[in-house]
Amino acid sequence: MSFRTRDGRNWRPDYLVSIDPKKCIGCGRCYKVCGREVMTLKGLCEDGEIIDLDEEDDELEKKVMVLKDEGACIGCSACARVCPTNCQTHTLPA
């Protein structure tokens, strides 16, 4: 799959497929630049389980971004450009 920009240059989308919770610091920068609600903020327990933030805070080790609607990603890679920890994995379409 290949597209062209408005002025005719070639462009290929680079889709977000995963976020590494061990690297993610939950800063929210990726969430702020994404206008498609692809990600959401969740909690990470000591045992590595992803939980909703409304659950008990004493179980919470840290906050992390997780994929909410992977199919909504348009492959612009804006989230990757603002991520300070490089915790995201992107892939080109087949």
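The entries below follow that order, and the model I consulted is predicted.

**Entry 1: Gln-88.** I located Gln-88 in strand E7, which covers residues 88-91. I then looked up its accessibility: Gln-88 has a relative accessible area of 10% and is therefore buried, since buried means under 20%. Next I checked the polar end of the side chain. A polar atom of the Gln-88 side chain lies 3.3 Å from the backbone nitrogen of Ala-80. Leaving aside residues up to four places away in sequence, I listed the contacts of Gln-88 as Leu-16, Ser-18, Ile-19, Cys-30, Met-39, Cys-79, Ala-80 and Cys-83.

**Entry 2: cysteines.** How many disulfides does the structure hold? I found zero. Cys-27 is in no disulfide, and the nearest cysteine sulfur to its own is that of Cys-30, 6.2 Å away. I looked up Cys-30 as well: its closest cysteine sulfur is in Cys-27, and 6.2 Å is too far for a bond, because a disulfide requires the sulfur atoms to be within 2.5 Å. I noted the accessibility of both residues. Cys-27 is partly exposed at a relative accessible area of 36%, whereas Cys-30 is buried at 8%.

Entry 3: I searched the whole structure for cavities of 30 Å³ or more and found one. The largest cavity has a volume of about 80 Å³. Its lining comprises 15 residues, and those nearest the centre are Cys-24, Cys-27, Cys-30, Cys-83 and Cys-87. By class, I recorded 10 nonpolar, four polar and one charged residues in the lining of this largest cavity.

Terms used:
Residues numbered from 1 in each chain as written. Predicted model: local features only at pLDDT ≥ 70, side-chain atom pairs only at ≥ 80, totals over all residues. Heavy atoms only, no water. Helix = DSSP H or I, 4+ residues; strand = E, 2+ residues; numbered from the N terminus. Buried < 20%, exposed > 50% of the residue type's maximum accessible area, 1.4 Å probe, protein only. Polar contact = N/O pair within 3.5 Å; in protein donor to acceptor, adjacent residues only side chain to side chain. Contact = heavy atoms within 4.5 Å. 1 Å grid on protein atoms, 1.4 Å probe; cavity = no way out; pocket = protein on both sides within 12 Å on 5 of 7 lines; lining within 4 Å. Points joined across faces, edges and corners; volume = space filled by probe spheres on them. Nonpolar A, V, L, I, M, F, W, Y, C, P; charged D, E, K, R; others polar.
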